[in-house]
Amino acid sequence: MSRSVRTRPEGSGQALSEAYDTALLDLDGVVYAGGNAIVHAVESLVTAREGGMRLAYVTNNALRTPDVVAAHLTELGIPAEAGDVITSAQAVARLVAEQVPQGARVLVIGGEGLRVALRERGLVPVESADDDPVAVVQGYGGPELTWGRFAEASYAVARGLPWFASNTDLTIPGGRGIAPGNGAAVEVVRIATGAEPQVAGKPLPPMHRETILRTGAERPLVVGDRLDTDIEGAFNGEVDSLLVLTGVTDGARLLAAPPRHRPTYVDADLRGMLTGQPEVIGAGDGFRCGGWTATAGAGELELEGDGGALDGLRALCAAAWTAAGDGACELDGGKALARLGL
């Protein structure tokens, strides 16, 4: 894929909720964590929706059905319907249905979200490798998923059945911290069998295709907290993205991001959807945003000035990404980030 390398976050004279027709929002780490709304999320989303922006909730978590997710969002104060929710379970079910006969049996290693999505595609979920499945589908099943389920998948995959995974996120944020995600469970089966699954979820094209088919978005903005799923998915889909710092990505990871992980915009939380974005401009050998100027020094990133922490981070991104070119920045940004309190 040939495209120009992003060397700085972009500015926007318009509020992002006005510049884009649809927000494709990740859930875990963006809207909620551990089931509780993230600070500023509810009021920001309600305001964006009232202003005419369509909100679509796009999640790699295959455990819950769209109905359950929509009900949860509504309970949090964000009115939503099942049609507003797109899951990796739906994306992987479409992928499976394109490769196996109608009515085929599929071994499910995961939760109810996967079973519902498979039934919607005319497939029959089964629980055992001895139930004559023609394929294996693995998705996040929550902390209650037992070791025996991974063994069941391994038996079937070792027999030569095609293996599909809803996503390969290694971690998932929760109310108590970061927990193992579906990618960790996929690794268990990979180690046992030596096989490789077909993966549907972010950042891969099947998830982006599912999202666009279901939303009809013409000017979408991907909003997420993960560089390797949300932002890379936007990169692969050639659409713009907003990174919010309410989930797993911190300043150090952002500065070191290779081109496919560099967001169009960076903000603290979902209030960033409701505003314009400040421009990062060249300033001598460095880059300025607000009252901060960042440069790539000898072995480290340097920061001068004062002002808002996010402006300093945007300036540092420009210095780091420009120095890195089409690679990952190896300059030490620790001192500069500490000055910003990030």
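Trainee: Which residues does Ile78 touch, not counting residues up to four places away in sequence?

Mentor: Val31, Val42, Leu45, Tyr57 and Leu73. Bear in mind that this is a predicted model.

Trainee: Where is Ile78 found?

Mentor: Ile78 sits in the loop that lies between helix H3 (66–76) and strand S5 (85–87).

Trainee: Buried or exposed?

Mentor: Ile78 is buried, because its relative accessible area is 1% and the cut-off for buried is under 20%.

Trainee: And how far apart are Ile78 and Gly333 in space?

Mentor: The C-alpha to C-alpha distance between Ile78 and Gly333 is 37 Å, with 255 residues separating them in sequence.

Trainee: Switching to helices. At what angle do H6 and H7 pack?

Mentor: Helix H6 (residues 147–158) and helix H7 (residues 182–193) pack at about 45 degrees, and their axes are 9 Å apart. H6 and H7 are therefore oblique to each other. Their crossing is right-handed.

Trainee: Which residues make that contact between H6 and H7?

Mentor: From H6, the contact uses Trp147, Phe150, Ala153, Ser154, Val157 and Ala158. H7 contributes Ala185, Val188, Val189, Ala192 and Thr193. By class, the H6 contact with H7 has nine nonpolar residues, two polar and no charged ones.

Trainee: What about H4 and H8, how do their axes cross?

Mentor: The axes of helix H4 (residues 88–97) and helix H8 (residues 205–215) cross at roughly 105 degrees and come within 9 Å. H4 and H8 are therefore roughly perpendicular to each other.

Trainee: Which residues are in contact there?

Mentor: On H4, Ser88, Gln90, Ala91, Arg94 and Leu95. On H8, Pro206, Met207, Arg209, Glu210, Leu213 and Arg214.

Trainee: How many of the residues in the contact of H4 with H8 are charged?

Mentor: Four are charged, alongside five nonpolar and two polar.

Trainee: Now strands. Which way do the residues of S8 point?

Mentor: In strand S8 (residues 135–138), Ala135 and Val137 point one way, while Val136 and Gln138 point the other way. All of them are buried. In a regular strand, side chains alternate between the two faces of the sheet.

Trainee: How many bridges join S6 to S8?

Mentor: Four, and strand S6 (residues 105–109) runs parallel to S8.

Trainee: Which residue in S9 stands opposite Val136?

Mentor: Trp163.

Terms used: Residues numbered from 1 in each chain as written. Predicted model: local features only at pLDDT ≥ 70, side-chain atom pairs only at ≥ 80, totals over all residues. Heavy atoms only, no water. Axes fitted to C-alpha atoms, helices over the stretch in contact; angles between N-to-C directions. Helix = DSSP H or I, 4+ residues; strand = E, 2+ residues; numbered from the N terminus. Parallel < 35°, antiparallel > 145°, perpendicular 65-115°, else oblique. Left-handed = near helix turned anticlockwise from the far one by under 90°. Contact = heavy atoms within 4.5 Å. Nonpolar A, V, L, I, M, F, W, Y, C, P; charged D, E, K, R; others polar. Buried < 20%, exposed > 50% of the residue type's maximum accessible area, 1.4 Å probe, protein only. Pairing = 2+ DSSP bridges.
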